[in-house]
Amino acid sequence: MNTLLSIFFSLLLTGVASAGSVMLNVKSASENKTADKKKAEVTRAYWLNVRVTNPSGIKLEGATLKWTLFAANLRRGADSIVVEKSGDIQISVDANGRYADLTTPKVAFVFTPMHSERKGRSSITVEEAGHRYHGFHVQVVSGDAVLGEIWSNEALRKQQLK
């Protein structure tokens with residue numbers, strides 16, 4: 001029984017690989033870019049470290065890695081997710097499990113969290129504002145064919161595909 005299952009899965013994996021698909025591994029990274037620690041405004045840079053693995057026996061050439069970083073619009077009443085920055089990177093990956101490691105440019109997200117400020121003897125509440133990092137979408141395409149795709153979370157995918 002185990003032999004039949006292993007033959008079935010190896011045939012299945014061979015079919016997927018010959019279809020020209022790639023495997024994606026994406027990790028978001030960030031760093032604090034806030035210059036003045038005493039100010040309420042926060043600047044944080046985000047970028048993606050992407051590994052594209054080509055399990056097929058054919059070298060992948062002329063493909064495009066499309067990436068998008070999303071932000072939550074913190075303006076009161078907006079309650080929306082917006083595209084902060086997106087881009088394309090031309091890639092080629094050798095065959096038989098070889099991979100290419102790529103890094104997207106750093107994108108600054110600037111926002112002010114809700115906080116209180118002293119005004120004389122009283123304090124006032126300052127509403128949150130700006131764009132805070134919310135997630136990513138990465139896709140590898142060749143012509144019109146999508147070879148691989150990954151979203152940072154399912155809720156973001158569903159919201160963007162409406």
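A residue is termed buried when its relative accessible area is under 20%, exposed when over 50%, and partly exposed in between (1.4 Å probe, protein chains only). By this criterion Y133, at 18% relative accessibility, counts as buried. The model is predicted, so local features require pLDDT of at least 70 and side-chain atom pairs count only at pLDDT 80 or more, whereas totals for chains, interfaces and linings use all residues. Residues are numbered from 1 along each chain as its sequence is written, and side-chain values use heavy atoms, with hydrogens and water left out.

The protein chain contains two helices and ten strands, where helices (H or I, at least four residues) and strands (E, at least two) are DSSP runs numbered from the N terminus. The order of elements from the N terminus is α-β-β-β-β-β-β-β-β-β-β-α. Of the 162 residues in the protein chain, 34% are buried. With contact defined as heavy atoms within 4.5 Å, residues 24 or more positions apart provide 61% of the contacts in the protein chain with a separation of 6 or more.

In soluble globular proteins, nonpolar side chains tend to be buried together. A nonpolar core is here a set of buried Ala, Val, Leu, Ile, Met, Phe, Trp, Tyr and Cys residues joined through side-chain atoms within 4.5 Å. The largest such core has 25 residues, of which V52, L65, V138 and V140 touch the most other members. At least two residues of this core are supplied by each of β1 (23–32), β2, β3 (60–73), β4 (80–93), β5 (98–103), β6 and β9. Strand β3 gives the largest share, six residues. Leaving aside residues up to four places away in sequence, L65 touches residues including V50, V52, I89, I91, L102, V138 and V140.

Four aromatic pairs are present in the structure. Rings of Phe, Tyr and Trp (its six-membered ring) pair if their centres lie within 6.5 Å; planes under 30 degrees apart count as stacked, over 60 as edge-to-face and the rest as tilted. Y46 and Y133 are stacked, because their ring centres lie 4.0 Å apart and their planes are at 10 degrees. Since Y46 belongs to strand β2 (residues 42–54) and Y133 to strand β9 (residues 129–142), this pair ties together parts 87 residues apart in sequence. Y133 also forms an edge-to-face pair with F109, at 5.6 Å centre to centre and 90 degrees between the planes. F109 lies in strand β6, so this second pair ties β6 to strand β9 across 24 residues in sequence. F109 is buried, its relative accessible area being 0%. Together, Y46, F109 and Y133 form one aromatic cluster.

Five salt bridges occur in the structure, each defined as a side-chain nitrogen of Lys or Arg within 4 Å of a carboxyl oxygen of Asp or Glu. The side chains of D101 and R51 form one of them (2.7 Å, N to O). This pair ties together parts 50 residues apart in sequence, because D101 lies in strand β5 and R51 in strand β2. R51 is partly exposed, at 32% relative accessibility. Its charged end also sits over the ring of Y99, 3.7 Å from the ring centre; this term applies if NZ of Lys or CZ of Arg is within 6 Å of the ring centre and within 35 degrees of the ring normal.
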